[in-house]
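Please work through each task before reading its solution.

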Amino acid sequence: MGTTLAEKLWRDHLVVKGEDGAPDLIYIDLHMCHEVTSPQAFEGLRLAGRQVRRPDLTIATEDHNTPTLNIDLPIADETSRIQINTLRDNAKEFGVRIHSLGDADQGVVHVVGPQLGLTMPGMTVVCGDSHTSTHGAFGALAFGIGTSEVEHVLATQTLPLKEFKTMAINVNGTLAKGTTAKDVILAVIAKIGTGGGQGYVLEYRGEAIRALSMEARMTVCNMSIEAGARAGLIAPDETTFEYVKGRPHAPEGADWDAAVEYWKTLVTDDDAVFDTEVDLDASELEPFVTWGTNPGQGLPLSATIPSPDDFAEESDRTAAANALTYMGLTPGTPLRDLHIDTVFLGSCTNGRIEDLRAAAAIVAGRSKAPNTRFLVVPGSARVRLQAEAEGLDKVFLDFGAEWRNAGCSMCLGMNPDQLKPQERSASTSNRNFEGRQGKGGRTHLVSPLVAAATAVRGTLSSPDDLEDAPAALV
Amino acid sequence: MEKITTHTGVGVPLRRSNVDTDQIIPAVYLKRVTRTGFEDALFAAWRGDADFVLNQPEYANGSVLVAGPDFGTGSSREHAVWALKDYGFTVVLASRFADIFRGNSGKQGLVTGIVSQENIELLWKMLDAEPGKQITVSLEDRTVTCGELTVPFEIDDYVRWRLMEGLDDISLTLKREEDITAFEATRDAWRPTTLPAKTEPKQQVVAARPAQ
Ligand code: SF4
């Protein structure tokens, strides 16, 4: 019997096989840190008199707390300032490379790794952050860890772990125009549920996945955690190699050839067996949005707000009823009728250059709906610079959007970018939990295309809603 | 982590069940960036009550907490264990613990011994009769002794061994350091390092300003 991609990656990083029920010891190729989950880990090292074993496999960036305005001024919020200064001090003391606010390589940790060419196929990647699953798009085993584990990796460059189960997500067919990777993953989560992936590595396969760009694949893998999974994976192919080649840390010459030769072996064997398989037809998908307070509560944009009675399970009925109350929604209302106060384009899910380009193409030459705010936050400073070089900042500013510095921003509202109570947002981020974007805020997760069209009309919309009458709406 | 074979210290009766991690340490203390100094946060909500057991002078040096069933339920925050340790507790005894709390405790060198509720009641009685009385906990014999009374406790074999050897997860892994070094020697040349840092040409990032 053959092996799955996840099993191959595990095998290739096995330092010690655990015996008698003890966990395996797995080697970590890349450890990324940010200011929120690392302070106690560094403190733990200091208390035990330990060093960072491999500073050359470690990198830090500031993202969760960073302001997106006036980044040259001192950070006003005390907690944020302390966390960021602590990271800077720790990086200095332990010799860890850091990209601070104002640096061209600063940004959301999951945007920065791939952009520098530090994320590659065949690696193990960890970070004290659940959306580390993003890096699985390269065919790397990438997963989030807790603070004790951060300390463990800093001290030993390994982790004691029990092997994950494997699940194949087969996305067949072709995506229709106007549907994106975001719609695929939201549909997957709606199908298997927010707990459906628990304990699994999800391997996304099939024609529709193969056709995606590298950045779109990152969007898919990013939200694996929203299905409860440990990690997401996509086997590397020419698209992957093309993306990595020439990046600052990409191998060169003979190293490149050796790497590609190995990377080509990183596929699930034809006769391998997954613990579970799920099928999805991409051609049936349309733009998908969430209506509730977890990412599994999603529907096609053409649908109406469901009633709790539509659900078979008692627990789902209760969850739906609670979500509707929190979201201030009435069953039967078409999703397209919902007025949106704030549109947020950004985050490690959809804050990359392709996302900005796609949204800019839609808003170019139009004007923003008067009562809707549009916040554009590039995923990294490099993405921002690239967008400015292409003139996208002008397109957004002319449209009426706010153009910001890079960071997590309104994805989790740890900085000043927050929703007010009962404000409704269409957000390209990954979590619509109660209060995630600000206390009492109401989040609808959407793709960048839906975000842009919504900013034009002021109600949840897809680009199709604009096609015939852009001028009339101005 | 320090080796523990036996521990003797003042027993503190906590006559409450279902003490969750929010009660052990409220969420507001999670914003801190330090690993130590959480002693003031332990049971913060109850500390204001003059009658609370930890506010009694006899228990000032308490190090063995004798608690009601289902101790440590709720969120998985590791801070709960740090707070108990920082305050000076080495042992918590209860008839039932939440799994994650017990797992975190074992990793951080806090002994969690399972004692039948019947015996917990006996311990409470003895401590009430003579506040400040000492309790001896022997990991070797798996017994708790308070005056004339000696009762058994349960603890996972693997956790007990680690506590007696004074091994946390990291020290355990470091015992395999040779294996790690040997593995590192086999890593492919193409695998990237973050140092020396490589990047695109440096560019200036202009601060965005609030819209006028
Ligand atoms: S952008 Fe959002 S999801 Fe991504 S790392 Fe930041 S806070 Fe987490």
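**Exercises on salt bridges and aromatic pairs**

Over all chains, the count comes to 40 salt bridges. The model is a predicted one.

**Exercise 1.** Determine which parts of chain A are tied together by the salt bridge between Asp269(A) and Lys8(A).

*Solution.* 
Step 1. The two side chains meet at 2.9 Å, N to O. A salt bridge requires a distance within 4 Å, so the pair Asp269(A) and Lys8(A), at 2.9 Å, qualifies.
Step 2. Asp269(A) is located in the loop between H10 and strand S12 (276–281), whereas Lys8(A) belongs to helix H1 (residues 5–11); the pair therefore ties together parts that are 261 residues apart in sequence.
Step 3. Asp269(A) has a relative accessibility of 25% and counts as partly exposed, while Lys8(A), at 8%, is buried.

**Exercise 2.** Describe the salt bridge between Arg88(A) and Glu62(A).

*Solution.* 
Step 1. The closest N and O atoms of Arg88(A) and Glu62(A) are 2.6 Å apart.
Step 2. Helix H3 (residues 78–94) contains Arg88(A), and the loop between strand S4 (58–61) and H3 contains Glu62(A), so this bridge ties together parts that are 26 residues apart in sequence.
Step 3. Arg88(A) counts as partly exposed at 31% relative accessibility; Glu62(A) is buried, with a relative accessible area of 0%.

**Exercise 3.** Is Lys420(A) buried or exposed, and is Glu423(A) buried or exposed?

*Solution.* 
Step 1. The side chains of these residues, Lys420(A) and Glu423(A), form a salt bridge of 3.8 Å, N to O.
Step 2. Exposed means over 50% relative accessible area, so Lys420(A), at 56%, is exposed.
Step 3. Buried means under 20%, so Glu423(A), at 12%, is buried.

**Exercise 4.** State which residues are linked in a network of salt bridges with Asp56(A).

*Solution.* The network links Arg53(A), Arg54(A) and Asp56(A) with Glu177(B) and Glu184(B).

**Exercise 5.** Classify the aromatic pair of Phe396(A) and Trp403(A).

*Solution.* 
Step 1. The structure holds 22 aromatic pairs over all chains. In the pair of Phe396(A) and Trp403(A), the rings lie 5.9 Å apart, centre to centre, with 15° between the planes.
Step 2. Planes under 30 degrees apart count as stacked, so the pair of Phe396(A) and Trp403(A) is stacked.
Step 3. Phe396(A) is buried at 0% relative accessible area, and Trp403(A) counts as buried at 8%.

Notes:
Residues numbered from 1 in each chain as written. Chains lettered and ligands numbered in written order. Predicted model: local features only at pLDDT ≥ 70, side-chain atom pairs only at ≥ 80, totals over all residues. Heavy atoms only, no water. Phe/Tyr/Trp six-rings, centres within 6.5 Å; stacked < 30°, edge-to-face > 60°. Buried < 20%, exposed > 50% of the residue type's maximum accessible area, 1.4 Å probe, protein only. Helix = DSSP H or I, 4+ residues; strand = E, 2+ residues; numbered from the N terminus.
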